[in-house]
Amino acid sequence: MNPESHVMSAAIADETLVRLPIEGMTCASCAGRVERALKDLPGVEDATINLATELAEVRGTPLPAMDALRRAVQSAGYRVATGETELAIEGMTCATCAGRVERALQAVPGVLEASVNLATERARVRTAGPADVERLASAVAAAGYAARRLAADPTSGVPVAEATRADAREWRHLLVAMLLTAPLVLPMLAMPFGRHWMLPGWLQLLLATPVQFWLGARFYRAAWHALRARTGNMDLLVALGTSAGYGLSLFHLLQGAGGQGPTGLYFEASATIITLILLGKFLEMRARRQTTEAIRALQALRPATARLRGPEGDMDVPVEQVRVGDLVLVRPGERFPVDGTVREGRTHADESLVTGESIPVAKDIGHRVTGGAINGEGVVVVETRAVGAETVLARIIRLVEDAQARKAPIQKTVDRVSAVFVPVVVALALLTLAGWGFVTQDWNTAILNAVAVLVIACPCALGLATPTAIMAGTGVAARAGILIKDAEALELARRVDIVAFDKTGTLTAGEPRLVEVVPVAGERGPIVQLAASLQSGSEHPLARAVLREAAPGAAASDVQALPGRGLSARVDGCRVWLGNQALMEEVGADMTALESRAGQLAQQGHTVSWLAGGGGHGIEVRGLLAFRDEPRTGAPEALLCLRRLGLRTVMVSGDNEGAARSVAERLDIDEVHADVRPERKVEVVRALKEKGVVAMVGDGINDAPALAASDVGIAMGSGTDVAMHAAAITLVRPELSLVADAIEVSRRTTRKIHQNLFWAFGYNVVGIPLAALGFLNPVLAGAAMAFSSVSVLGNTLLLKRWRPARQLPSRETAYGA
């Protein structure tokens with residue numbers, strides 16, 4: 001067995017010992033450095049490192065926190081190997097529940113980080129070494145909840161039948177509660193009209209008891225678990241409040257007050273409170289599910305089966321059995337079951353639900369297709385390139401789920417309030433009871449007002465305010481083709497002041513054309529052919545432009561890439577250089593003959609490449625090549641939208657001043673930084689950050705450091721995986737209009753979070769004093785409590801109406817002038 005698998009179990013078996021898997025050690029000196037770093041921590045009695053198994057064994061009483069151990073290893077220059085797992089949590093009802101589950105998971109030795117999302121009912125746990133799911137589930141169970149591991153493949157989704165059964169069960173319970181409560185409430189409604197239809201006390205008891213102890217049993221169970229964990233939650237407040245009303249009524253009934261009509265009996269109050277809360281929970285569950293519609297729509301895209309082409313013909317198999325390299329037949333109207341490349345046939349693919357692109361995209365032999373897209377009119381054979389969790393669809397779902405699982409910075413404040421909320425409410429209820437009882441000597445009224453305080457308090461709305469808005473915001477963004485990596489990026493993007501763009505491939509189409517060749521002497525043909533020889537194996541956009549014009553001549557050898565300048569190689573035994581002016585100056589080439597023409601071309605917005613080679617008088621310039629890259633379609637409108645949002649636009653380009661300014665003038669960009677080498681882009685971004693919050697938009701490997709250095713990195717969907725990993729936001733389609741859309745959805749989502757928190761806090765700040773002062777009876781308090789969460793969710797669901805504005809007129813409406 002891999003020794004790493006013992007990490008968590010060893011730590012739990014003996015709380016004075018923990019084993020950590022260490023990455024990056026190569027020798028005894030490395031092991032010694034890690035050992036010394038661990039021994040220096042307060043509380044560590046001994047630390048030993050096994051280089052062969054790459055395990056650190058740490059003893060102490062008590063042991064330092066796992067985070068302190070991890071930081072000590074990092075300070076020595078190494079890493080603690082980590083694992084991550086996601087758990088579905090059952091039984092949570094409010095923010096206090098989520099906080100208790102989170103604390104229980106964080107207390108498990110070996111857990112580095114745990115985050116619980118009340119809205120999705122999931123926990124994300126990061127551990128030192130592989131996660132021990134059984135230990136984690138046991139910790140959750142000890143806190144009074146249930147946990148199970150979720151599937152690794154995000155496209156597998158949640159069983160629909162399970163959700164449907166839960167809906168049906170909740171509806172049945174609600175219906176029974178309403179039928180039992182109605183006879184208790186209806187006579188109360190007739191009293192203002194002089195009708196006294198109150199049921200006999202014993203019949204009220206008969207109707208209220210099943211509601212209290214059968215349909216309300218969930219509140220007692222959850223309250224008991226909370227008490228065992230020495231904490232409180234919404235269920236404890238409901239159980240205390242309704243039990244007080246029910247108990248007072250039972251006391252009066254046994255004392256003979258039952259024959260005095262409604263006097264002294266409040267069975268209808270306790271039953272109505274429970275019924276209203278069940279109604280609120282049912283509506284909340286339905287609304288909460290709507291906030292995750294975007295994820296479920298993506299999960300539903302992957303077909304369950306694929307038509308596999310083999311030696312014996314075509315055969316339908318479960319999609320899980322398809323492997324990379326397999327050929328899959330897709331008929332018109334079917335969804336592509338895998339990511340792949342078209343090998344036979346031609347068609348159009350509707351990728352709207354995956355990328356947000358509404359127009360079907362033409363697919364021919366050699367073109368890539370995305371799993372989940374709908375095949376148009378043609379029969380095609382696709383060679384599988386990715387399956388399961390590695391498909392584009394699965395990665396999109398994983399990005400959205402990651403964003404929804406992480407907490408926004410503002411949520412930390414909410415968590416601190418939720419942690420003390422229930423004890424404070426119970427204390428206020430006791431003060432209300434004592435105040436009314438001793439001042440008025442009317443203990444019936446005192447109990448009812450205390451019940452109203454307990455019942456109206458609602459930590460649920462606090463717990464749902466932030467995560468549901470994040471779920472809805474990231475969901476509608478994903479539907480539009482905007483993938484937001486985490487909640488922090490979502491919250492930060494609304495504060496962006498400056499948007500910096502890479503030029504080539506971001507602001508421009510990234511497909512430059514060779515528009516002019518100027519030889520020092522002779523014809524243009526040999527110059528283009530020599531340039532093609534140097535770049536025959538290159539994927540650089542300028543290389544592709546040259547190779548479209550001419551086939552390579554003599555083969556090049558000893559090719560050397562010169563970052564930020566160009567390249568050099570040997571052709572026919574002669575060293576040749578191709579690159580920018582800085583390279584020519586570096587190798588000492590004389591540019592006098594073409595310097596004037598090169599300046600003119602640069603001023604006109606062309607990118608100029610110089611070609612030089614060894615000659616009789618040293619290194620001689622042989623000619624120059626001028627390229628032009630047009631702005632992306634829709635770029636002027638996209639930049640205009642950013643200005644309407646009040647943002648400053650900046651271009652950061654490695655191209656020459658003339659080419660950069662030519663594009664900047666056509667797009668009306670505020671600030672231009674030209675001739676910036678890749679390593680200097682980070683410096684430019686840092687300088688911009690001194691003026692405000694910076695979003696950097698790029699698409700290439702050379703943009704990755706700048707994306708990471710910015711406050712909000714935005715990677716274009718046509719770019720490299722490296723750029724996407726470095727970015728906080730990924731645009732699935734290479735459309736600049738999505739940059740403004742991403743900032744707009746961030747602003748709207750954050751606005752919803754603030755509105756939700758205002759209502760959740762405001763509701764409690766206003767409602768609890770009113771209840772304590774006797775202005776709210778328990779039934780009204782219960783109704784207000786039940787619908788507080790529903791109102792927060794209803795406000796959140798308004799985000800689903802947001803749509804990306806594609807044309808300029810509609811953008812004027814969306815973003816304002």
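The structure is a predicted model, in which local features need pLDDT of at least 70, side-chain atom pairs count only at pLDDT 80 or more, and totals for chains, interfaces and linings use all residues. Residues are numbered from 1 along each chain as its sequence is written, and side-chain values use heavy atoms, with hydrogens and water left out. Helices (H or I, at least four residues) and strands (E, at least two) are DSSP runs, numbered from the N terminus.

**Helix 19 and helix 20**

- Helix 19 covers residues 524–534 and helix 20 covers residues 541–549; their axes come within 9 Å and cross at roughly 130 degrees.
- Axes here are lines fitted to C-alpha atoms, for helices over the stretch in contact, and angles run from 0 to 180 degrees between N-to-C directions.
- The two helices, helix 19 and helix 20, are therefore oblique to each other (under 35 degrees is roughly parallel, over 145 roughly antiparallel, 65 to 115 roughly perpendicular, the rest oblique).
- Helix 19 contributes Val528, Ala531 and Ala532 to the contact, and helix 20 contributes Val546, Leu547 and Glu549; contact means heavy atoms within 4.5 Å.

- Helix 2 (residues 28–39) has 12 residues and should span 16 Å at 1.5 Å a residue, which agrees with the 16 Å between its end C-alpha atoms; the expected span is 1.5 Å times one less than the number of residues.
- Cys30, Ala31, Gly32, Val34, Ala37 and Leu38 are the buried residues of helix 2 (buried is under 20% relative accessible area, exposed over 50%, partly exposed in between, with a 1.4 Å probe and protein chains only).
- The cover over these buried residues of helix 2 includes strand 1 (17–23), strand 2 (44–50), strand 3 (55–60) and helix 3 (66–75).
- Helix 9 (residues 234–254), with 21 residues, reaches 30 Å from its first C-alpha to its last, close to the expected 30 Å.
- Gly256, which follows helix 9, has a positive phi near 100 degrees.

**Leu283**

- Leu283 lies in helix 10 (residues 267–291) and is partly exposed, with a relative accessible area of 32%.
- Between Leu283 and Val790 there are 507 residues in sequence but 6.6 Å in space, C-alpha to C-alpha.
- Apart from neighbours within four places in sequence, Leu283 is in contact with Phe787 and Val790.

**Positive phi in loops**

- Gln441, a residue other than glycine, has a positive phi near 60 degrees.
- Gln441 sits in the loop between helix 14 (409–440) and helix 15 (443–456) and is exposed, with a relative accessible area of 54%.
- Asp572, also not a glycine, has a positive phi of about 55 degrees.
- The loop between strand 22 (566–571) and strand 23 (574–579) holds Asp572, which is exposed at a relative accessible area of 68%.
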